[in-house]
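Please have the structure open while reading.

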Amino acid sequence: MTTLQVQTAFKTYGKVEALRGAALELGAGEMLALLGPNGAGKTTLVRAIAGRVRLDRGTIELLGEALSPASPRPALGVVPQEVALYPLLTARENLEAFGRLNAVSGSRLRERVKWALEWTQLAERSREPIKRFSGGMRRRLNIACGILHEPQVVLLDEPTVGVDPQSRERIYDMLSGLRAAGTSLLLTTHQLEEAEARCERIVILDRGLVIASGTLGELVRKTIGDSRDVTLRVDRPPRTPLVGFEADGADTTLRARVADVASDLPALLVRAQAAGCTIEDVSVRSPSLQSVFIHLTGRELRE
Amino acid sequence: MIATLMRVAWISLSRDRVAQALTFALPIAFFTIFAAVFAGQDMRTTPRVEAAVVDQDGSEYSRRLVMALKADRGLEVRTSHGRRGEAQTPLDRARAEALVRDGAVPVAVVLPKGMHVGFGPAEGAPPVELLSDPSDPVAPQIVMGLLQKAAMTAAPDLMVRSSLELFERYSGPLSERQREAIAAWEHVLRVQTAAQDSALRRAETEKDGGQPTRAPQDVAGTTDSGPIPVRVVDVMGEKRENPLIAFYAAGIGIMFLLFTCTGAAGSLLDEVDSGTLDRVLTSRAGMTGLLIAKWCFMAALGVLQLTVMFSYGALAFGLPLLEHLAGFAVMTAFSAAVVASFGLLIATASRTRAQLSGVSTIVILVISALGGSMFPRFMMSEGMQKVGLLTFNAWALDGFIKVFWRDAKLVELWPQLLVLSAFTVAFLTTARLLARRWEAA
């Protein structure tokens, strides 16, 4: 079941085309990664879904209902990239404030606040002003404030930026819990390893358009194919440039992409030895999301 | 290294318009305002004083005195009342006192019946009454000085005759020859006086639109220091021990309320920076709800702040707060409302917290100076007083002064309340329009 659907979204700021027909779908209980270089249109798209940007053209449907910027979105939770909390309020007071702003009150509010404090592991420090909290604690509370009203769809903009590995693990554990409960999550991130490891599907946006979407395997097949990345570590740089390698003459790490490991790898090894190198290590792996991303969006800076 | 750091500081200043305004524009603005207030356009002049004059004597002398007062360029004299275009009725004492009490004029001169019979209290001439409003301690001093000057110059022939009568009463009659000589001198004085009368009428006609006259250098400070006795009457009653406390409580209170509310409204910009505003706007609270919440909070904070200020004034300086509780409550509520809306306006017009801080400091200090928070508006020139009325804080201060000085009833506060309400609505509407930039783009 599709919980969120964006179709042919267009948005222009002056002469800048931020969105040029972007489209995506989010299924129930799915965690979808929205990737793209800086300026690709991710933030504009997420803000449009949240009702903070008015599209020039296109439609947004949440749980089957078309949305305008002014439409109420009780089924949507938004977790901004910034720690958008009141610093002088305690964790509990922040949760209560954002709960009330999202029409949660009375005993339900008390229950949800209690649940959120346990979920974020902040119960013991719930009465401290959050300005004393670490970055990871604030991030967890930031997420909790966005989902206190039990939305069915949650937009998370870089939820793990600037936190240590332990906090990152904890945050993804929290998000996994939400998914298990049936909540759909749309995640924007620059942490490609996280997207690769945690998200079921990936959407890559570039220059306002979705240029690829699917599971990692699908993306690899559609872009790079079934090839594998081979890396050789040798004792010295080869005497002459080696055919088939991404070689730079002075490097002792040689990279190549092979379509058929069984037949192509021995040939590579022979060529390296013929070039006077002693092979110290060999690794073979599937192309990463990073490879797909660079393959699709190129290497040039976008800022 | 020092040169590099100085260069960085200079470049930063050259790119920070608010810092430039605080460094250069604000001092000049303040200098201009203070210079205009305390010196007018000419360092040697004081502003024209409005005065009501009641002629109960109806004598030749009092008539000439009134004419001399009317002709004086330092005074704006009213001798009658009535609506424009209708028949004017000469002022009586009660009406003149009401004008002073209501703040229409700061001082009234009552020339009592029998004042022409002689000079000085010893001769039984009743004293001239100067009905004064203690909220303006300067005006009675100016009027008293000008009154004594007029007394000396308005009717020299009558003054000579009166003096000679006194002389004969105490020293014996003059000889026939002396009488003839004095009669001849009196004739000269009458001719001169007639010419002076004519000149006074011309001066009175030409006065409107003229520049204020040079202030008297040595104004009469006591009731017996001139040729005619003067009794100063405080029409607001003698009960006030610290008459300026109410003025300063309101003035300082409103000024700091402005700082408080612009600071509180700055939380809006903090929320923009932190992303909290975005988050709030994605909840069920819209921008209108957010602004109303902030306005209500700031208005309540303002009420609390003014209440603390006036309560302290009552406890420490005897400000009659309890006697004027209703008027205080109404003026406090309306003042807090307008100041809160002003805070929102400034905040929504600013792009950053730093800009808000700089701009609000400049604006608040300027409107506080113009509106009378720093020094009473009656000390300003007529033009500056009119400019002051363009600021909402001047109307708020006028309202508090009406309550605490003039014992005004609530219904009498309607002009101030109407203007403050209009400012509030205008500020809130503009703030709402400016806040649209934070809504869905």
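The model is a predicted one. The two strands involved, strand 7 and strand 8 (residues 184-188) of chain A, are parallel and pair over five bridges.

## Strand 7 and strand 6

Strand 7 of chain A also pairs with strand 6 (residues 76-79) of chain A, through four bridges, and these strands too run parallel. Here Val153(A) of strand 7 has Leu76(A) opposite.

## How strand 7 is covered

Strand 7 of chain A spans residues 153-157, and five of its five residues are buried, so that the strand is described as mostly covered. The side chains point two ways: Val153(A), Leu155(A) and Asp157(A) point one way from the strand, while Val154(A) and Leu156(A) point the other way. Residues on both sides are buried, Asp157(A) among them.

## Where chain B touches chain A

On the chain B side, 13 residues are in contact with 18 residues of chain A. Which element of chain B gives the most to this side? Helix 10 (residues 276-281) of chain B does, with five residues.

Sorted by class, the side of chain B that touches chain A holds five nonpolar residues, five polar ones and three charged ones.

How values were computed
Residues numbered from 1 in each chain as written. Chains lettered and ligands numbered in written order. Predicted model: local features only at pLDDT ≥ 70, side-chain atom pairs only at ≥ 80, totals over all residues. Buried ≥ 20, exposed ≤ 12 C-beta atoms within 10 Å, placed from the backbone. Pairing = 2+ DSSP bridges. Contact = placed C-beta atoms within 7 Å. Nonpolar A, V, L, I, M, F, W, Y, C, P; charged D, E, K, R; others polar.
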